[in-house]
Amino acid sequence: MELIYDLAFSHELNRPELNKISPKLFTVTAAYSGDVESYEEKTVIDLAVYGKTTIGSYGLIYELMQIKDSLKDIAETLKHFAPKED
């Protein structure tokens, strides 16, 4: 059987704050048992190898988010200068 889990987007793996909440290197253990025998498999997962598969995309996204926030601030400020409707 194959299990597939989306752990992160590759462009997010380079975010420094991700290191605080999730390791890039970890081990997954699967244990199976039958009537006669038991098995245990350990697989090492290294997400660091995928961190540069979309170089710079997070930086660009972050910059666009900052521009969006700045435009919102400008629009809010301009509301104060708009002519008052009677």
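Reader: How many residues apart are lysine 79 and glutamate 76 in helix α2?

Author: Happy to start there, with the note that this is a predicted model, where local features need pLDDT of at least 70, side-chain atom pairs count only at pLDDT 80 or more, and totals for chains, interfaces and linings use all residues. Numbering runs from 1 along each chain as its sequence is written, and side-chain values use heavy atoms, leaving out hydrogens and water. Helices are DSSP runs of H or I with at least four residues, numbered from the N terminus. Within helix α2, about one turn separates lysine 79 and glutamate 76, which are 3 residues apart.

Reader: Is lysine 79 buried or exposed?

Author: Buried means under 20% relative accessible area, exposed over 50%, and partly exposed in between (1.4 Å probe, protein chains only). Lysine 79 has a relative accessible area of 57%, so it is exposed.

Reader: How many salt bridges does the count come to?

Author: Besides that pair, glutamate 40 and lysine 42 meet in a salt bridge at 4.0 Å, N to O. Glutamate 40 is exposed at 54% relative accessibility, and lysine 42 is exposed at 59%. By this rule, the count is 2.

Reader: Which helix holds isoleucine 74?

Author: Isoleucine 74 is partly exposed, with 47% relative accessible area. Its place is in residues 57-79, helix α2.

Conventions: Helix = DSSP H or I, 4+ residues; strand = E, 2+ residues; numbered from the N terminus. Salt bridge = Lys/Arg side-chain N within 4 Å of Asp/Glu carboxyl O.
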